[in-house]
Amino acid sequence: MRIDLITIFPEFFSVLDVSLLGKARQAELVQTRVHDLRDYAAFKADGSPDVHRTVDDAPFGGGAGMVMKPDVWGKAIDDVLEPGGVLVIPSPAGTLFTQALAADLATAPQLVFACGRYEGIDARVAEHYAAAGHRVLEVSLGDYVLNGGEVAAFAMTEAVTRLIPGFMGNAQSIVEESHADGLLEYPSYTRPATWRGHDVPDILLSGHHARIEEWRHEQQLQRTRTRRPDLLPPEG
Ligand SMILES: NC(=O)c1ccno1
């Protein structure tokens, strides 16, 4: 898989070299490239040089803040997005990012993350590439607003790449984790068996694997009911 990240803060993604993703990149499972949006702002729409490499402008219709320019984004995305690639635009106005979507995106040949800042990217950019036949997703991590798309793009990159076959050393760990089966994962324990007066549940010391699996599933259901009832199927 190829992952391209377009941003006005390319240094933000230097963390990709130290995260788990670094190993995958070395293993050639994932190729990542970071692009500075300002490299595509050297000339104005009329072709004259733009020494300030401007990437934003005032919003039509008024309102606070600035909007990122479609012509600059168009040059950058034209240069990066390949046939079959998915354009992902992190946005608080997007559809919710889920483990299911992460698994879906893990099968794509390329992801291009367009990391907006200010009040976001001119809406015609998403419209243009969707009309050109590309899969375009505006995606949110949750119901809160970040200062830009970079944090969300990094989180999605990690959630997606760890699902690529061969990325995680122990493939079983992916199967048993939260949201893999639609439920929150069960609580985990390790040595010592007693810690500050707190004991590990006896069932986990029993060696009875069938009962342990049963207990773990019940813990998943109990946690999901308590913490995320929205994940449970409707009654009936
Ligand atoms: N909630 C989000 O994913 C987001 C992305 C950019 N700003 O907020």
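Visitor: In which helix does Val80 lie, and how do you know that this run counts as a helix?

Guide: Val80 lies in helix α2, residues 70-80. Helices are DSSP runs of H or I with at least four residues, strands are runs of E with at least two, and both are numbered from the N terminus. Before we go on: this is a predicted model, in which local features need pLDDT of at least 70, side-chain atom pairs count only at pLDDT 80 or more, and totals for chains, interfaces and linings use all residues. Residues are numbered from 1 along each chain as its sequence is written, and side-chain values use heavy atoms, with hydrogens and water left out.

Visitor: Is Val80 buried or exposed, and what makes it so?

Guide: Buried means under 20% relative accessible area, exposed means over 50%, and partly exposed is in between, using a 1.4 Å probe and protein chains only. Val80 has 2%, so Val80 is buried.

Visitor: Which residues are in contact with Val80, leaving aside neighbours within four places in sequence?

Guide: They are Asp4, Ile6, Arg33, His35, Tyr40, Gln110 and Val112. Contact means heavy atoms within 4.5 Å. Asp4 is 76 residues from Val80 in sequence, but their C-alpha atoms are 7.2 Å apart.

Visitor: What makes a group of residues a nonpolar core?

Guide: A nonpolar core is a set of buried Ala, Val, Leu, Ile, Met, Phe, Trp, Tyr and Cys residues joined through side-chain atoms within 4.5 Å. The largest one here has 28 residues, and Phe97, Leu105, Leu111, Phe113 and Val160 touch the most other members. Helix α5 gives the largest share, six residues.

Visitor: How do you know that β5 and β7 pair?

Guide: Two strands pair if DSSP finds at least two bridges between them. β5 and β7 have seven, in the parallel sense, so they pair.
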